[in-house]
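Good morning, and thank you for coming.

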Amino acid sequence: MTTSPSSRAAIPAPDGSPKDDMDLQLDGTTALITGAASGIGRATALALATEGVRVALLDRDGSALKETANGCRDALVLVGDVTDEDQVAAAVDAAVGSLGRLDAVVCCAGISGPVGSGIEDIELADWNAVFAVNVTGAFLVLTHALPALRAAASVSSSASVVLLASDSAVVASPGMVPYCASKAALVQFGRALSVDLAGSGIRVNTVAPSIVDTPMSRGDLGSAAFDDPGFPVQTAAEVAAHVVYLVSPRSRAVNGTTLLSDFGYAARSGSPA
Ligand SMILES: NC(=O)c1ccc[n+]([C@@H]2O[C@H](COP(=O)([O-])OP(=O)(O)OC[C@H]3O[C@@H](n4cnc5c(N)ncnc54)[C@H](O)[C@@H]3O)[C@@H](O)[C@H]2O)c1
């Protein structure tokens, strides 16, 4: 996310949620979602479950995770920290053991870290914490999940990894250097991994949204900023829809790319016409 409001006009969100006619071919597949206790991870878990995906949910917040699980049929709840390799290994083992196979991994766990500070005022521990969750967390989860993803892809030729990056990978708001750097690293992590996995049947893509109304962004910007925002805001469910599409075999030709979901902000030059 970025924290600078702007005068760009928001495109209204669609009313209601009309039944999607497109069969996403996800019914009966399986997925592990990190950061599933809140925000985009929770919305993604609910959206995948609605498509008939059996989900395993990983987050360090166990009580909030159970609330997500209550909205999903037969969800597996895995309480753990994505920066702790032993906990990640145990969670992935439990997910594969319970689900029987693993067709998709969605990495949503993330933190903002210090917001509003110049780098002279940022402690090394805070910098490291941001990279530990936002980058190393994805590395650990995928390192341990890849054998199961490879096995699934060898049967279905269709396994998918989706990483939640941010428009902060390509544009920056002041005072967010660690977060921006971590999200740029995550984008290139995903692109490079897609190259390593070429031909395996496992696709890797990133989603890079601008501001999404979640506890994270409300914590960074203050809830009052969302009362009458002068900047476009997405819902977590809207971002989850991007993720669901990228998980689906409907997007089988989409690999090694980043879905920049920012209302077109990054495309616009600051120069006058
Ligand atoms: N909200 C936005 O505006 C926005 C915009 C672009 C990208 N994103 C990214 O989307 C992802 C989800 O963000 P969100 O807005 O839903 O945030 P959120 O704070 O609502 O949810 C993040 C979840 O990650 C979990 N988490 C954090 N550290 C963890 C760890 N070490 N181990 C396990 N779980 C951990 C939290 O407990 C929480 O449930 C993040 O990667 C974020 O950077 C958010």
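Two remarks on the model come first. This is a predicted model, in which local features need pLDDT of at least 70 and side-chain atom pairs count only at pLDDT 80 or more, while totals for chains, interfaces and linings use all residues. Residues are numbered from 1 along each chain as its sequence is written.

Let us start with the sheet. Strands of a sheet pair through backbone hydrogen bonds, either parallel or antiparallel. Here, seven strands form an open sheet in the order 3-2-1-4-5-6-9, with parallel pairing. Helices (H or I, at least four residues) and strands (E, at least two) are DSSP runs, numbered from the N terminus; two strands pair if DSSP finds at least two bridges between them. Which strands lie at the edges? They are strand 3 and strand 9 (258–261), each of which pairs on one side only. From one strand to the next, the twist averages 15 degrees.

Strand 2 (residues 54–59) is joined to strand 3 (residues 76–79) in the parallel sense over four bridges, and A56 has L76 as its bridge partner in strand 3. Strand 5 (residues 159–164) and strand 6 (residues 202–209) are also paired in the parallel sense, over six bridges; here L164 has V207 of strand 6 as its partner.

Strand 2, helix 2 (residues 62–70) and strand 3 together make a right-handed β-α-β unit. Right-handed means that, with the strands pointing away from the viewer, the path from the first strand over the helix to the second runs clockwise.

Now to helix 4 (residues 124–156). Where does helix 4 bend? The bend is at A145, by about 50 degrees, and a proline, P147, follows within four residues. A bend is the angle between axes fitted to the seven residues ending at a residue and the seven starting there. After helix 4 comes S157, whose phi is positive, near 60 degrees.

Helix 4 has two helix neighbours to mention. Helix 3 (residues 85–99) packs against helix 4 at an angle of about 30 degrees, with the axes 9 Å apart. Axes are lines fitted to C-alpha atoms, for helices over the stretch in contact, and angles run from 0 to 180 degrees between N-to-C directions. Helix 3 is therefore roughly parallel to helix 4; angles under 35 degrees count as roughly parallel, over 145 as roughly antiparallel, 65 to 115 as roughly perpendicular and the rest as oblique. The contact involves residues including V88 and V92 of helix 3 and L140 and H144 of helix 4. Two residues are in contact if their C-beta atoms, placed from the backbone, lie within 7 Å.

Finally, helix 7 (residues 236–247) lies across strand 1, strand 4, strand 5, strand 6 and strand 9, and runs at about 165 degrees to strand 6. Helix 1 (residues 39–50) packs with helix 7 at an angle of about 55 degrees, with axes 8 Å apart, and the two are therefore oblique to each other.
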